[in-house]
Protein chains: 2
Amino acid sequence: MGEFDLIARYFKRPVTRATLGVGDDCALLNPAPGTQLAISSDMLVQGRHFFADVDPRTLGHKSLAVNLSDLAACGAKPLAFTLALALPEVNEPWLAAFADGLFALADAHGCELIGGDTTAGPLNICITIFGEVPVVQGQSKALLRSGARAGDDLYISGTVGDARLALDALLGKISLPDDMLRAARLRLEMPTPRVALGLALRGLATSAIDISDGLLGDLGHVLQASSVGATVHTEDAITSIASYAYKTRAGGLFSLNLSHDQWLALALAGGDDYELLFTAPADRRADVDAAALASQTPVRRIGKIDTQAGLRLLNAQGESVPNTFTSFDHFA
Amino acid sequence: MGEFDLIARYFKRPVTRATLGVGDDCALLNPAPGTQLAISSDMLVQGRHFFADVDPRTLGHKSLAVNLSDLAACGAKPLAFTLALALPEVNEPWLAAFADGLFALADAHGCELIGGDTTAGPLNICITIFGEVPVVQGQSKALLRSGARAGDDLYISGTVGDARLALDALLGKISLPDDMLRAARLRLEMPTPRVALGLALRGLATSAIDISDGLLGDLGHVLQASSVGATVHTEDAITSIASYAYKTRAGGLFSLNLSHDQWLALALAGGDDYELLFTAPADRRADVDAAALASQTPVRRIGKIDTQAGLRLLNAQGESVPNTFTSFDHFA
C-alpha cells in the first residue's frame, strides 16, 4: 500500500466545517465572523509519550485528546485538525485501530481532519488543532494563563495522579492490583479533554491551563504569566481514583506501599492528567459550581491566588509543606 | 537546559500578525475580514528527508521552505506557523543554527512562529503553516489542483532535477565535480519556495501544485483532481542546472556518465524540487510571462492539458516516450 492509498483509505473524509479538506496542497478554513482561531500543536513520540505496544485505538484517542485539552484550556470550541504521521511500516490493522480511536474522539467533539502528512520514520504523531473563540466588541473571550488575580480561588477539574500511577506500574516501579491498574491506565491512555468545562468557564475563569507536566509545574506557568503567587492546600489535590481507595481503606489493602508523600507527589507532580487548572473570583463560586454541573465535570477548589509572589503549600493542619515536587521536563 | 528555557531562548519571539504567540496553551490568530486560511503540515524525518550530518542552518530553511511551497501552490500569502520538534538531545550550537536558518526564511516571507511543541525523541520536525487567501464575493481565490481544463497550457517554474542529482551524489550513486555538487546541493538543501509566483498566478492559473514527489507524479494528482489528461514535451522539462552544463558541453566533460534517459528521469521523477507545476488558459500566455517577470521567477511551458484521460509523453521529434518514471512514495 502506497502513501496516497494509505491516506485515502484511513484518513480522507468529507469535511463540513472547512471549505477544503485532505487532498490538495493546503486545506482551506473560513473562520466565522466575530471569532478568532485558537491553534495548538502537540507531538507524541514512541518511548516518550507512549509504549511501543500501546493499543493503537487508545493512542489515536490520546493523540487528539492532548490537543483538545489545549483548546479546552483556552475556552475554544474545537473545529478542525491536521495530522502528520511518521510510521515505521504500513501496518493496516494498526492504522485502522488508530484511525478508529482518533475519529471516535474527533466526532464526539465535531472536530474534523482537514490535512496533514504521512512519511516513513520512527513512530511520531504530530497534531495541530484549531478551535474557535468569540471576539466580542474587540475583546477575545479566550482563557489565558495571564489573568489570575490576587484573591481568586484556584480549582482543578476531575482527578490528578492516576496517569502517573499507571505509568509507574507499567514501568514496574510499583505493583497495582489488576482492577486498579485498569482504572488508572484508562486515565493514562484515554484522558478526557475538558472541552465542555473550558467552554462553560468563558467569561468566568480569570485564567486556565491544562495539567500536562504536573499540577504545580503548570500552576507555576500561570503564576509567572499573571505575576501573582498562590497558596495550595495539598490534601485537597489528592484526588486520584486510586487514592480514594487508599483513603477509605487505609492500611495497605491494595499493597500499594506508597507513603503519604508519594501520594502527594502523584497528585502535585504526576503529569499527563489533562485536567484543567483554573482561577475564578471568590465571589463567583456559585457560578463555578453551575459551570461544573452544566459541563458534567467535577471541579475542586484547592487553594487561592495571593499578591505575594511564590507558591505556598499547606497541609490539612495548615502547616507548611516543603515544595520538593518537580514537574516533567523533556530535557531535564 | 530545560524544555522551557530552550523554547524561550531559541523560539519565543514577539508576534505582530497573531494576537497571541508562543507561551500559552494556544496561539490566537485573527484572520483578516474577506480572507480564508490556507493550512498545510509537513513532517521532516532524519534519514528520510535529510542526512544526520546536514547543516542545521539549511535544515531550518528547508523545514519551513517545504511548507511555504504548499502555500505558494495555493496562491496563499504566508502568515504564521507552528513548530513541533523532537530532539535526541539539547545541542545548543545546533539549535542556534537551526533557528537562524528557520527565522531567516520566515522573516523574508513575513511569516511568524506562533506556537508548537518540543520533546525528546528521534529528530523530527513538524511544521504547520497558515496563509491568507482572499475571498471575493464568496469566491475563494485559492489555486487548487482541480481547476485544469482541456486546452490549458502546462508550465513549471524554475528548474527540476538538481535536488535528486545531489541526493544521488551524496548517496555515492554518481560522482559530481565539486562545483556542480555545490550548486545541486543548494537546490536539495535550500529550495526556494515560489511564494511570489503563486501570488502572481491568482486569478490566472487554473490549477497549481508544488513538485515534491516528482513532476509526473505530482502532475498525476492534478489530472486526477481535474478529470483531464495531458501531453508533456519531455525535452522541455530537462531544466536542471547540471543538465545545462551537460547540454552545452556534451561529451561527458563532467564525467557524469548519465544517459539521456537518466537525465529525463531526474527531471520527470526526481522530486524534492519545490517548484510550481501549473496550468493556465492558452490565450493568457502574455499574462503568465508578466506574472513570471513580476515575481522574478522563470517559468517554462512544457505541455498542455487534453480532454483525453491519461498522460502522453513526447520527445523533441514528437515521438511517444514510454512513461517508466515512478515518483517518490514513502511507503512504496
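Counting over all chains, the salt bridges in this predicted model come to 28. One of them sits within chain A, where Arg13(A) pairs up with Asp107(A) and the closest N and O atoms are 3.2 Å apart. Arg13(A) is found in the loop between helix 1 and strand 1 of chain A, while Asp107(A) belongs to helix 3 (residues 92-108) of that chain, so this pair ties together parts that are 94 residues apart in sequence.

Next comes the place where the two chains meet. Chain A puts 65 residues into the contact, and chain B puts in 65 residues as well. The size of an interface is often given as the accessible area lost when the parts come together. Here, the area buried between chain A and chain B is about 4900 Å², with carbon and sulfur atoms giving 61% of it.

Four salt bridges are found between chain A and chain B. In one salt bridge between the chains, Asp24(B) partners Arg145(A), and the closest N and O atoms are 3.8 Å apart.

As for which parts of chain A do the touching, at least two residues each come from helix 1 (3-11), strand 1 (27-29), strand 2 (35-45), helix 2 (56-74), strand 3 (77-87), strand 4 (112-120), strand 5 (124-136) and strand 8 (207-211). Strand 2 of chain A gives the most, with ten residues on the side that touches chain B. Sorted by class, that side of chain A has 35 nonpolar, 19 polar and eleven charged residues.

Chain A can be superposed on chain B by a rotation of 180 degrees with 0.0 Å of shift along the axis, and the RMSD is 0.0 Å. That is the relation of a two-fold axis. Of the interface residues of chain A, 100% are also interface residues in chain B, so the copies meet through the same surface.

How values were computed
Residues are numbered from 1 along each chain as its sequence is written. Chains are lettered from A and ligands numbered from 1 in the order in which they are written. This is a predicted model: local features need pLDDT of at least 70, side-chain atom pairs count only at pLDDT 80 or more; totals for chains, interfaces and linings use all residues. Side-chain values use heavy atoms; hydrogens and water are left out. Contact means heavy atoms within 4.5 Å. Buried area is the accessible area (1.4 Å probe) that two parts lose on being put together, summed over both. A salt bridge is a side-chain nitrogen of Lys or Arg within 4 Å of a carboxyl oxygen of Asp or Glu. Helices (H or I, at least four residues) and strands (E, at least two) are DSSP runs, numbered from the N terminus. Ala, Val, Leu, Ile, Met, Phe, Trp, Tyr, Cys and Pro count as nonpolar, Asp, Glu, Lys and Arg as charged, and the others, Gly among them, as polar. Copies are superposed by least squares on the C-alpha atoms of residues with pLDDT of at least 70 in both.
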